[in-house]
Amino acid sequence: MKNHAGHEHTHHAGHGSHNGHGGARPGGLSVSENGYTLELDSTILTAGVQPISFRVTGPDGQAVTEFVPEHEKELHFIAVRRDTAGFQHVHPVRDEKGTWSVELALEPGDWRLFADVHPVGHDGTMTLGIDVAVAGPYDPRPLPEATGIAQIGEYTVALDGELVPGVASALTLTVSRTGRPVTDLQPYLAAYGHLVALRVGDLGYLHVHPEGGPSDGTTAPGPEIAFMAVAPSAGTYRLYLDFQHDDAVRTAEFTVRTTEVATPPPTAPEYSSHHAHH
């Protein structure tokens, strides 16, 4: 683990270039990428707390057993229902043969599962996605209204900043509890918060990385958590912030619509050149 800091740096650089300023295609839209495939033991599940098992197979068709840790984990597993409800960020356990196991709390409906991994020998991280069907009467929820405030029990999280298509922009999330700023956030996955952004409509997965962290000696443990994000296109996105306080991880959810950068007023070069001549 002595090279972990190096992995972090590579991880963030990879994310930035992957979704670079051109607004590249988000991850998670394909079950297979660069010869790597997400394989679930079953894509039809029953509702309730369910065990999930899966593998990431490599170009040779075999289950991958060596991964570069990113944010302290070999694999990040995200589950969300297609209507953006039920978000869960969990950390499965891998056996020596490359089979991962974890439990998810599932309501009926169509779900999207994401595996965020960096296989050894592959250049950077990738996000693979797969659909699963959870049996039972499905009651899809309307998309929550766009708001800059999320309430989770005693905690309030305020979102400041805008998502701009094709441009890296700063997002700041400020955590308070019963009206008081939280200044003792606990490290979670080598940061004071972990942010996932999904594009509404296809659940395209955006890589978002924190600015600073617990190990740099300068980043404060709250109330603010800063991130950089690139929206690959105009549209609506769902943001999910995981943060840890009082030994519990909580998730704040937001609906965000992209904005265009304010353009400067047009110049009048004809007038300028004419004016210069006189």
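Trainee: In what sense do strand E15 (residues 194–199) and E16 pair, and over how many bridges?

Mentor: Strand E15 and E16 pair in the antiparallel sense, and three bridges hold the count; two strands are called paired if DSSP finds at least two bridges between them, and the strands themselves are DSSP runs of E with at least two residues, as helices are runs of H or I with at least four, numbered from the N terminus. Within this pairing, Leu198 stands opposite Tyr205 in E16. Before we go on, note that this is a predicted model, in which local features need pLDDT of at least 70 and side-chain atom pairs count only at pLDDT 80 or more, while totals for chains, interfaces and linings use all residues. Residues are numbered from 1 along each chain as its sequence is written, and side-chain values use heavy atoms, with hydrogens and water left out.

Trainee: Which order do the strands of the open sheet of four strands have, and which stand at the edges?

Mentor: The order is E16-E15-E19-E20, with antiparallel pairing. Strand E16 (205–207) and strand E20 (248–257) stand at the edges with a single partner strand each, so one side of each has no neighbour in the sheet. On average, neighbouring strands of this sheet are turned by 25° against each other, direction ignored, where the axes are lines fitted to C-alpha atoms, for helices over the stretch in contact, and angles run from 0 to 180 degrees between N-to-C directions.

Trainee: What order and what pairing does the open sheet of five strands have?

Mentor: That sheet reads E3-E10-E9-E5-E6, and its pairing is mixed. Its edge strands, E3 (44–45) and E6 (88–90), pair on one side only. Between strand E5 (residues 75–81) and strand E9 (residues 109–117), which run antiparallel, there are seven bridges, and Arg81 stands opposite Trp111 in E9.

Trainee: How many aromatic pairs does the count come to, and why is the pair of Phe87 and Tyr240 stacked?

Mentor: A pair of aromatic rings is described by the distance of the centres and the angle of the planes. Rings of Phe, Tyr and Trp (its six-membered ring) pair if their centres lie within 6.5 Å, and planes under 30 degrees apart count as stacked, over 60 as edge-to-face and the rest as tilted. By this rule the count is six aromatic pairs. For Phe87 and Tyr240 the centres are 4.1 Å apart and the planes are at 5°, so the pair is stacked. This pair links distant parts of the chain, with Phe87 in the loop between E5 and E6 and Tyr240 in strand E19 (residues 236–245), 153 residues apart.

Trainee: Are Phe87 and Tyr240 buried or exposed?

Mentor: With 8% relative accessibility Phe87 counts as buried, and Tyr240, at 0%, counts as buried as well; buried means under 20% relative accessible area, exposed over 50%, and partly exposed in between (1.4 Å probe, protein chains only). Phe114 and Tyr205 form a tilted aromatic pair, 5.3 Å centre to centre and with 45° between the planes. This pair joins Phe114 in strand E9 to Tyr205 in strand E16, 91 residues apart; Phe114 is buried at 0%, and Tyr205 is buried at 2%. Ring pairs also link Phe54, Phe67, Phe77 and Trp100 into a cluster.

Trainee: Where is the place of Glu224, and which residues is Glu224 in contact with, leaving aside its neighbours within four places in sequence?

Mentor: Glu224 lies in strand E18 (residues 224–230) and, at 51% relative accessibility, counts as exposed. Apart from those sequence neighbours, Glu224 is in contact (heavy atoms within 4.5 Å) with Thr172, Leu173 and Thr174.
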